[in-house]
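Good morning, and thank you for the time.

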Amino acid sequence: MTLVENSRPPEGGRMRAPGTRAVKPRNAATLIIVRRDRKKPQVLMGKRHGGHDFMPNLWVFPGGRIDRSDFRAPFATDLKPDVAARFEAHIPMARGRALALTAIRETYEEAGLLLAKPVSARPVAGPWREFLAEGAAADLDALEIVARAVTPPMLAKRFDTWFLMADAERLISLERKPDCGELEEIAWVDFDEAIALPLPSVTRTVIGEAIQRLEDPARPRPFMRFGAGPTRMSHL
């Protein structure tokens, strides 16, 4: 493990009350969708609402915390063996698959896009109801792991987030369903435009990782743990 000097923790988080214990990070996942049908590759990003107490008014990838329903949601294709093995080296496989499903579900809820395969629509209750009603089941085979980051203990809300990536060609359609999530604005932007947006520092770092991963798929995947001092950096 290495320490990275002059690193900053994610911005926009509410600090925990003095004298209280650090909260346990919640499991979360986010999805970087890369579109390659333009002159420059583009990435899907959205702006968080100013009323949120975590990263308000900043641009992020769609994503969110894991839900119990993600452990039992149906899927059309499973994780690639190397992706599954990388999850399993760090967390139980059931949680790794659930996190992959989290990223896909949240992308639909926040951006109206389905990283999925067409299937027969099925009635279910809970957070997957609208996704499955579209006649779709998650395409886990489309996913790659880019990075993992844990927010610092001084924040009132903490997340242990896996950053995943997929090609936009794996979407059922580029036409978005109506938005219904936390993202106030949604846009496809090239990587230079993305870097210029108001971003959490971890998102800025992950964009850089995504750019380099497109050029070198064998690049090591960073695991960043933010604290009061330097960031602790290792690899997945």
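Aspartate 139 touches Thr77, Ile104, Leu115, Ala116, Lys117 and Arg170, where residues up to four places away in sequence are not counted and contact means heavy atoms within 4.5 Å. This is a predicted model, in which local features need pLDDT of at least 70, side-chain atom pairs count only at pLDDT 80 or more, and totals for chains, interfaces and linings use all residues. Residues are numbered from 1 along each chain as its sequence is written, and side-chain values use heavy atoms, with hydrogens and water left out.

Is aspartate 139 buried or exposed? Aspartate 139 counts as buried because its relative accessibility is 1%; buried means under 20% relative accessible area, exposed over 50%, and partly exposed in between, with a 1.4 Å probe and protein chains only. Its side chain is joined to that of arginine 170 by a polar contact of 3.0 Å. A polar contact is a pair of N or O atoms within 3.5 Å; within protein, one must be able to donate a hydrogen and the other to accept it, and residues adjacent in sequence count only if both atoms are side-chain atoms.

Aspartate 139 lies in strand 8. Helices (H or I, at least four residues) and strands (E, at least two) are DSSP runs, numbered from the N terminus, and two strands pair if DSSP finds at least two bridges between them. Strand 8, residues 136-139, pairs with strand 6 in the parallel sense over 2 bridges, and threonine 77 stands opposite aspartate 139. The open sheet here has 3 strands in the order 6-8-7, with mixed pairing. Its edge strands, strand 6 (75-77) and strand 7 (116-118), each pair on one side only.

I turn now to strand 3, residues 42-48. Why is strand 3 described as largely enclosed by the rest of the structure? The reason is that 6 of its 7 residues are buried. Strand 3 runs antiparallel to strand 11 (residues 183-190), and 7 bridges join the two; here leucine 44 has tryptophan 188 as its bridge partner. Strand 3 also pairs with strand 4 (residues 59-60) in the antiparallel sense over 2 bridges, where glycine 46 stands opposite valine 60. A hairpin through 6 residues joins strand 2 to strand 3.

Finally, confidence. The average pLDDT, the predictor's confidence in each residue from 0 to 100, is 85 for the protein, and 83% of the residues score at least 70. Over residues 1-10, the pLDDT is below 50.
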